[in-house]
Amino acid sequence: MSLFGRGHMIGQRSDTLQLAELLKDWPCTVKGGSIRVEVTGIEDYAQQVKPGDLFIVRKGKKSDGYQFIDTAIKNGAVGIVIDDEKKLDSLDLDVPIIWVPNCLKFMSFSAAKIHRFPAEALQVIAITGTNGKTTVSHFIGQILQSLHKNVMVIGTNGIYINGKEVKIEYEQLTTLQPKHLHKIFQIAVRGGVQYVVLEASSMGLSTHRLDYCDIDVGVFLNLAEDHIEDHGSYEKYKQSKQLLSQLSKRLVLNGDDSFCRTVGLQAKKKKAYFGLGNRVNYQLQVLAEGHMTTCCLQCDHGQKVFTLPFVGEHHLQNAIAAISTAMELGLPIDKVCEAAEKLRLPKGRLEAIPNNLNIDIYIDYAHTEAALRAVLKTLRKSLKGNLILVFSCGGDRDKHKRITMGAVASKYADMIYLTTDNPRTEDPTYINSQIAAGFISTQKYEEILDRAKAIEKAILSAKEGDTILIAGKGHETTQTFGTKEIHFSDYECVQSVLTKSLRKNID
């Protein structure tokens with residue numbers, strides 16, 4: 001049975017709050033209707049509005065919420081929230097029209113208030129960074145669980161309670177929408193959860209999803225160029241990440257990363273630095289490396305020698321981030337390092353797939369230049385044969401990184417199969433031509449646009465001792481072509497190829 005027990009579903013609507021009470025601490029102008037009406041929820045998708053909801057009008061990438069006001073009212077909306085003051089006079093409705101300065105901020109505030117600010121009863125740890133958010137969040141969760149704490153992890157891979165996935169229907173984003181997040185916080189409080197660890201994406205931060213989340217610790221991992229199209233510029237992307245320092249009571253920062261150092265220098269609050277280099281509060285020194293890494297943690301609390309069950313600088317950075325965060329929560333060095341010896345990588349992060357072909361097959365989510373370099377460098381350290389890479393880049397975004405990812409791939413991989421990632425509305429052949437522009441002139445590669453066939457060719461052409469990395473999608477179970485999603489899983493595809501290969505050998 002779940003920690004929550006029976007009856008706790010994301011759709012439960014047990015909380016109500018009078019509109020007048022909800023608005024009393026918020027700058028607003030109300031036109032028409034009654035402010036004595038009971039509000040039971042917040043919703044920004046008109047089609048999903050239920051009786052008692054406030055409908056938040058916001059402008060999306062493809063449509064404007066003003067087009068759907070009639071639908072929201074028909075579905076039972078008891079009020080309409082807008083942030084365009086000019087529209088107040090033009091709207092004439094039977095329900096209250098509420099103008100607020102910023103709909104996104106109000107959505108976070110109202111979701112938190114309706115659910116009685118549940119984050120205040122939890123220890124909330126939020127993690128931001130271009131790479132490593134999912135791994136670090138799961139590492140922190142595992143350490144806390146090892147020390148007999150009830151912990152929830154929320155992020156790209158789903159929602160987990162004490163290491164077990166909880167099946168809840170919600171919009172799957174790296175950082176959840178406030179309408180879902182505060183419901184889940186409330187369920188966590190009622191279920192006895194003590195800690196919540198979540199991923200803070202740049203988009204989640206810039207759209208105010210984590211406002212009013214009462215974040216105890218903000219963890220900064222790194223910064224590299226990514227999501228530039230979403231934010232408009234690299235500078236705006238950086239500014240989005242920095243918002244976490246304003247929302248957090250204390251900070252844990254990567255002392256080896258210049259951006260994180262800058263954040264720390266600007267923040268006037270309690271902070272601690274971690275890293276593999278010098279001038280940090282928590283330093284991880286590598287003593288020996290093979291299939292595992294023996295290291296020494298040095299900090300103000302003392303020093304401890306222990307062994308991590310993996311290799312690779314990026315994994316060590318993720319491990320020390322989790323260890324230092326746990327210690328900043330007041331947990332003892334001996335217990336934390338003992339728990340770190342049992343850390344497991346989350347699904348889709350350098351996930352090894354056992355097989356009888358005497359080759360090493362890995363799936364990894366790496367979809368940035370830095371992440372791809374880190375994984376390929378790690379694999380080359382223990383390489384027996386050739387390193388074979390299957391990958392591409394997503395369409396309609398971050399076009400600048402394609403040539404640099406091509407250069408990184410070509411530096412480390414012996415053979416590359418260019419395929420499709422999520423091409424969206426772009427021509428995948430064009431995407432791959434931009435990647436191949438970064439290859440060295442002697443690079444061996446083949447383009448196979450069908451991702452399943454590319455994976456199959458990589459596996460069937462590999463020789464004993466070779467290593468295959470299938471990069472870019474990790475845990476994901478869909479591919480996007482145009483505006484349509486189809487089911488696709490790298491893991492399932494590999495298993496299918498291995499099964500066919502086994503049958504063929506038996507026959």
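So, the lining of the second largest pocket: eight residues are nonpolar, six polar and two charged. Here Ala, Val, Leu, Ile, Met, Phe, Trp, Tyr, Cys and Pro count as nonpolar, Asp, Glu, Lys and Arg as charged, and the others, Gly among them, as polar. Keep in mind that this is a predicted model, where local features need pLDDT of at least 70, side-chain atom pairs count only at pLDDT 80 or more, and totals for chains, interfaces and linings use all residues. Numbering runs from 1 along each chain as its sequence is written, and side-chain values use heavy atoms, with hydrogens and water left out.

Back to the pocket, then. About 380 Å³ of space lies in it, the volume being what is filled by probe spheres set on grid points joined across faces, edges and corners. A pocket is an open set of points on a 1 Å grid over the protein atoms alone, where a 1.4 Å probe fits, with protein on both sides within 12 Å along at least five of seven lines; lining residues have an atom within 4 Å of a point. Of the 16 lining residues, His 291, Val 311, Tyr 362, Leu 379 and Ser 382 come closest to the centre.

Now over to Ile 435, in helix H15 (residues 428-436); helices are DSSP runs of H or I, at least four residues, numbered from the N terminus. Is Ile 435 buried or exposed? Buried, at 0% relative accessible area, where buried means under 20% and exposed over 50%, with a 1.4 Å probe and protein chains only. Its C-alpha sits 9.8 Å from that of Ser 410, 25 residues away along the chain.

Definitions and conventions
Helix = DSSP H or I, 4+ residues; strand = E, 2+ residues; numbered from the N terminus.
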